[in-house]
Structures are given as C-alpha cells and as structure tokens.
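Good morning, everyone, and thank you for having me. Please bring up the sequence and the model side by side, and we will walk through them together.

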Amino acid sequence: MRKHLNTFSATFLIVASMLGTGILTTTGIMLSLLKAPWAVLGVWVAGGILAWIGAWCYGELARSMPRNGGEATILRELFSPTLGEVAGWTSFVVAFAAGNAASSLALAAYLGEALPGVSLRPELVACTALLLVTGLHGLLGPTAVRVQTMLAAAKFSLLAGLTLYGIFLVAPAVANQTAGSAPVSQATGFGAPWGLAMMLVMFAYSGWNAAIYVAGEIHDPARNVRRAMMLGTTIIMLLYVAINAVLLTHLPAQELDGVGPVIAVLVKHLFGAQASAVFSGLVAFALLSSLGVSAFLGPRVLATMLGWFAKAGGGEGVPAAVTPQLVWLQAALSIAMVLTGSFVQILTVMGFLLGLFPILCVLGLYRRSCDLQGRPLMLVRYVLAPLFVGVSTVVLVLGAAQSPQEVGIALALVGLFFLARVGMRRFV
C-alpha cells in the first residue's frame with residue numbers, strides 16, 4: 001500500500017477531522033443544558049483531556065496494529081471478527097456518513113448567516129455541498145487530500161485569528177447579563193444534562209483518532225500515528241478552550257443560549273453585521289474540509305471490510321480499492337440523514353456511538369493478544385486507560401438518561417449491524 005501521508009499531513013488530518021461542526025454549533029446547546037458559562041468552559045476542558053488520554057491509548061494500539069480500518073481493525077484482531085465488522089459498519093454509517101450530514105447542515109446554517117436576505121433551504125444547501133465534495137473526491141482521489149488540507153488550514157486560521165483578537169485586542173464585556181434579563185450563572189446540578197453536554201463535546205472532539213483509520217498509509221506508523229494524534233489533539237484542545245473563553249466572556253449568556261451558529265454571533269458582536277456575513281461565508285466554505293476528510297476516511301473503512309469478506313470467501317483478504325462507488329455510497333447515506341433527521345438528534349446519536357467503541361478499543365490494551373511487550377505500559381494500563389474507560393462510561397450513562405430516544409436509535413443501529421453481519425456469515 002502506498003504511504004503518501006507524512007507526520008505533518010497526518011497531523012493536519014487530525015486537525016481537519018476535529019475542527020468543524022462541533023466547535024461551530026454546540027456551545028449554545030450546552031449552555032441551554034448547563035445554564036452557566038463557567039460550566040460550559042469546564043466541560044470543554046474535560047472533553048479535551050479525555051480526547052488527549054484516548055489519543056495516547058490509541059497510540060499504543062497503533063504500534064501493534066499499523067493498519068487501516070480504525071476501531072474495526074482493532075476490535076476484530078483483539079476481540080472477534082463480528083465485533084470488528086459491527087464497529088466498522090458503525091464507523092462508516094455513524095462517524096462518517098452521519099458526521100458529514102451534521103457538517104453539511106452546519107455549513108447551511110453559516111451560509112444562511114452569510115446571506116441574510118436570501119431564502120435558503122438548509123436541506124438543499126447541505127445536499128448540494130455533499131454532492132460537490134463527493135464529486136471532487138471521486139475524481140481526484142488522494143490528490144483531494146491536499147485540497148482539504150488547505151481548506152482546514154484556512155478554517156484553523158480564521159478561528160485562531162478571531163480567538164487571538166478576542167483575547168488580546170478587545171476588552172471582555174459583562175457576559176452574563178443584558179438589560180432586562182436575569183443573569184445565567186447557576187449551573188445545573190450534576191446529572192443527566194452534564195452527560196449530554198459531555199456527549200456533545202465528545203462529538204466535537206471526535207476525530208482525535210482519525211490517523212488510526214489510515215495507519216497503513218502513514219510513513220513509519222509505529223511512531224508517527226501516535227505523534228500525529230497527540231499533536232493534533234493538543235492543538236485543537238487549546239483552540240477549542242480559547243475560543244469558548246472568548247465566546248463566554250464577550251457575549252451575554254442569553255445571546256448564546258440554544259443558538260446554533262455561535263461564531264457568527266461573536267463576529268457580529270465584535271465587528272458588526274456586515275463582517276459577520278463575510279466571516280460566516282468563509283466558515284461555510286472552509287467547512288468543506290470537514291466533508292472532505294470524511295469522504296477520504298469513510299470509504300477506507302468500508303474497503304478494509306470488503307477485504308475481510310473476500311478473505312472469508314476464499315480471496316486474498318487484502319483491502320479493496322477505494323473506488324468512486326464507495327465514496328458515493330457514503331454520500332447517499334449522508335443525504336438520506338440530512339433529509340430525515342434533525343441536527344441535534346444526529347449529534348446525540350453520534351456522540352453516544354463515538355464514545356462507545358473507543359471504550360472497547362482501549363479495553364483491548366488488556367488483551368493477551370495485544371502485543372505490547374517490551375514497552376513501559378504502567379502509565380497506560382493502570383492510569384490512562386482506566387481513566388478513559390471510567391469517565392467515558394459515566395458520560396454515556398448520564399447522556400442516555402437525558403436522551404433515551406436518541407440512545408435507543410443508536411443501540412438499534414448497532415443491533416441491526418450485528419444481525420446483518422451474523423446473517424451475512426451464512427452466505428460468505
């Protein structure tokens with residue numbers, strides 16, 4: 001397999017995967033759940049630390065299994081083929097297809113802010129963006145990685161520049177009250193809302209493990225996969241916490257509570273409505289990089305599983321080629337989700353499932369078949385892995401209590417994938 005990703009491109013793959021819908025749309029939703037700006041900022045810090053710990057643990061797994069496929073490959077080799085294939089289908093449908101559906105809807109929301117006088121149907125805009133990006137990836141193949149890297153760099157520069165301006169060049173406003181409004185300062189008591197807020201943050205940080213999906217295409221994966229994940233996660237954590245600090249100190253909480261395109265509200269506050277429209281247009285354009293990353297990674301998971309099926313049927317078992325048909329299949333699933341699901345519902349289902357399978361993967365560090373001999377694993381096995389598994393489990397339980405319907409949909413999807421795979425075994 002051709003290894004066309006170096007440490008820099010793999011790190012930017014992490015950055016592009018993480019920097020998207022979550023940071024641009026979830027702060028207002030979290031504020032409506034937790035009711036206090038300081039609580040929202042604390043959740044962003046906690047989510048970043050959890051992602052950083054997960055990246056460390058995944059780095060150890062990548063040393064032993066430097067192959068494409070992500071959680072599907074890890075769970076297949078450490079637990080069972082069926083579990084790995086269920087994880088693969090979940091990654092393909094939920095992490096990538098549903099992730100692109102959410103990103104395309106966020107793009108539509110920011111484009112609406114950029115064109116306030118134009119009546120736009122969000123679903124139509126989202127589907128058009130999906131078709132555009134999918135067409136580019138189907139035509140350009142790996143060359144499209146360079147395009148999405150440039151878009152990710154532009155998106156990072158926009159948000160980093162806005163954050164630095166808000167921190168150093170503008171005095172913070174009294175952010176917790178406005179004329180005629182009561183301050184929002186008393187946080188919700190610890191419980192289900194905190195779990196759902198953390199699930200949204202876990203969605204925003206999802207992508208910290210993106211390098212594991214293309215480990216077989218990275219130069220010296222035993223070293224560079226973990227390096228890319230750790231570096232990319234650290235960069236994004238610092239940016240996320242800083243930009244939320246700017247949001248929550250410069251804007252009254254009432255102006256953010258429940259709002260989707262929060263960055264557009266911040267730019268309007270700092271620079272005026274016209275600047276907000278321009279900035280929102282740039283953000284919408286830069287969000288194409290998030291769609292591009294999923295269009296690049298998702299079909300590779302499916303191609304890996306097709307290789308497994310070929311082996312089960314007597315073939316060679318090598319990963320199938322990433323054909324345009326696989327890319328378009330993912331786009332079709334994303335479009336179906338855009339047309340049938342709500343934005344918050346998609347985020348909640350994703351947040352739950354994107355937290356479930358990493359728990360199982362990290363537990364794989366304790367399997368005898370996980371070849372980690374000869375390396376200092378005390379920190380990972382006795383500190384980091386228990387922290388990651390314990391905190392993630394509490395978050396998922398609390399989130400399930402807050403949104404039982406969405407979690408039911410998530411578990412039903414996993415059950416459907418499991419039944420389908422068991423049925424396919426009889427014919428492969």
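I would like to begin with Cys57, which counts as buried because its relative accessibility is 0%, and the cut-off for buried is under 20%. Please keep in mind as we go that what you are looking at is a predicted model. Cys361 also has a relative accessibility of 0%, so this cysteine counts as buried by that cut-off of under 20%. If you are wondering about disulfides, a search of the whole structure finds zero of them.

Let us now step back to the chain as a whole, which has 18 helices and zero strands. Of its 428 residues, 55% count as buried, and the accessible surface comes to about 17,000 Å², with 67% of that area belonging to carbon and sulfur atoms. When we take the contacts between residues at least 6 apart in sequence, 83% of them join residues that are at least 24 apart.

As background, nonpolar side chains in soluble globular proteins tend to be buried together.

To finish, please find Leu297 on the screen, and leave aside the residues up to four places away from it in sequence: Leu297 then touches Leu13, Ser17, Phe96, Ala210, Tyr213 and Val214.

Definitions and conventions:
Residues are numbered from 1 along each chain as its sequence is written. This is a predicted model: local features need pLDDT of at least 70, side-chain atom pairs count only at pLDDT 80 or more; totals for chains, interfaces and linings use all residues. Side-chain values use heavy atoms; hydrogens and water are left out. Helices (H or I, at least four residues) and strands (E, at least two) are DSSP runs, numbered from the N terminus. Buried means under 20% relative accessible area, exposed over 50%, partly exposed in between (1.4 Å probe, protein chains only). Contact means heavy atoms within 4.5 Å. Accessible areas come from the Shrake-Rupley method with a 1.4 Å probe; for residues, only the protein chains shown count as cover. A disulfide is a pair of cysteine sulfur atoms within 2.5 Å.
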